[in-house]
Amino acid sequence: MDMDAVFRALADKSRRSLLDRLFGKNGQTLGELTEGLAMSRQAVSKHLAILEDANLVAAHRRGREKLHYLNPVPIAEIAVRWIGKYEHAQVEALLSLKDHLEKPE
Amino acid sequence: MNAIATDITAATAAAVDPAFVYVVYIQTTPQKVWDALTTPETQRLFWFGQHTQSDWKTGSPHTHVGADGAPNFSGEVLESDPPRKLTFTFLNSDRYPVMHAEGPSRASYLIEDVTTPGDRALTRLTLTHDGFSKLGSRSREGVSGGWTRILSNLKTLLETGVPLPAIKAG
């Protein structure tokens, strides 16, 4: 899989927000994903195609409908590439600390 | 439960949308992916030192054993079509009481040859996991992060021949 495609796909705020929505609720149709967004259905569809090409979104057919799933495997590949054997626990600890400190009261 | 009710339950479970769909592209053949997923010696190299005991025939039991030798999860092989498809039930062992009590879910590997003619072999491995008892169950959380790393490790192993440094499953 082309890592350039992954970074290109992630380098766009709208596409990251689509991934956030799938992270919140996995397996959504184009219609569900478009709901409440300031983007047109066509724009969302175009962004989804780019995310699919980068393998960040996986599609699953349900009859005539297409459900979209967040596929974090390419992101795991990025993490594995640059996070070393011994750093893993420390990085996780720092991230949980950050989560904890940034959590709204 | 009578036979008809059991059938209805099974049919409903089959219609449920997957909770996860994970896809990884690996520069290798479907047979090598199948062998890696079903051979204990290879499995240990990408699955945190864990492996599965099974003959992987439809209807056979399978037990996934942790690096410490104790079972992590087990179940039944529902569909076995080497090297294309493998579906099995997934019940956490009673060493995880909460997840064990949630009952079995179902995992499936779909292995497809997506090689461009004239190019090197490329296989798409799709892992779907469904049938969790309720939304937001512990079992669901438990497997989500695990699969991501397992599939990513598998890709590295098959493409480079070098297992990743051991990363804790937790």
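1. Chain A and chain B bury about 1,700 Å² between them, and 63% of this lies on carbon and sulfur atoms; buried area here is the accessible area (1.4 Å probe) that two parts lose on being put together, summed over both. The model is a predicted one, in which local features need pLDDT of at least 70 and side-chain atom pairs count only at pLDDT 80 or more, while totals for chains, interfaces and linings use all residues. Residues are numbered from 1 along each chain as its sequence is written, chains are lettered from A and ligands numbered from 1 in the order in which they are written, and side-chain values use heavy atoms, with hydrogens and water left out.

2. The contact (heavy atoms within 4.5 Å) takes 18 residues from chain A and 18 residues from chain B. Across this interface of chain A and chain B the rule finds zero salt bridges, a salt bridge being a side-chain nitrogen of Lys or Arg within 4 Å of a carboxyl oxygen of Asp or Glu. Across the interface of chain A and chain B there are, however, four residue pairs in polar contact, with both residues at pLDDT 80 or more. A polar contact is a pair of N or O atoms within 3.5 Å; within protein, one must be able to donate a hydrogen and the other to accept it, and residues adjacent in sequence count only if both atoms are side-chain atoms.

3. On the side of chain A that touches chain B, the elements that give two or more residues are strand S1 (57–62), strand S2 (65–70), helix H5 (73–82) and helix H6 (87–102) of chain A. Helices (H or I, at least four residues) and strands (E, at least two) are DSSP runs, numbered from the N terminus. H5(A) gives the most to this side of chain A, with four residues. By class, the side of chain A that touches chain B has nine nonpolar, five polar and four charged residues, where Ala, Val, Leu, Ile, Met, Phe, Trp, Tyr, Cys and Pro count as nonpolar, Asp, Glu, Lys and Arg as charged, and the others, Gly among them, as polar.

4. Which elements make up chain A, and in what order? Chain A has six helices and two strands, and from the N terminus on its elements run α-α-α-α-β-β-α-α. Of the 105 residues of chain A, 34% count as buried; buried means under 20% relative accessible area, exposed over 50%, and partly exposed in between (1.4 Å probe, protein chains only). Among contacts in chain A between residues at least 6 apart in sequence, 51% join residues at least 24 apart.

5. Two salt bridges of chain A may be checked by eye. Glu32(A) forms one with Lys25(A), the closest N and O atoms being 2.8 Å apart; Glu32(A) is partly exposed at 26% relative accessibility, and Lys25(A) is partly exposed at 43%. Arg62(A) forms another with Glu65(A), with the closest N and O atoms 2.7 Å apart; here Arg62(A) has a relative accessible area of 34% and Glu65(A) one of 36%. Over all chains, the count by this rule comes to nine salt bridges.

6. In chain B, strand S3 (residues 61–65) and strand S4 (residues 71–81) run antiparallel and are joined by five bridges; two strands pair if DSSP finds at least two bridges between them. Val65(B) has Pro71(B) in S4(B) as its bridge partner. S3(B) and S4(B) form a hairpin with five residues between them, and Gly69(B) in the turn has a positive phi of about 90 degrees.

7. S4(B) also pairs in the antiparallel sense with strand S5 (residues 85–92) of chain B, over six bridges, and a hairpin joins S4(B) to S5(B) through three residues. Asp81(B) stands opposite Lys85(B) in S5(B), while its side chain meets that of Arg84(B) in a salt bridge (3.4 Å, N to O). Asp81(B) is partly exposed at 29% relative accessibility, and Arg84(B) is partly exposed at 47%.

8. Ser80(B) lies in strand S4 of chain B, and its side chain reaches the backbone oxygen of Trp56(B) at 2.6 Å. Not counting residues up to four places away in sequence, Ser80(B) touches Trp34(B), Trp56(B), Lys57(B), Thr58(B), Lys85(B) and Leu86(B).
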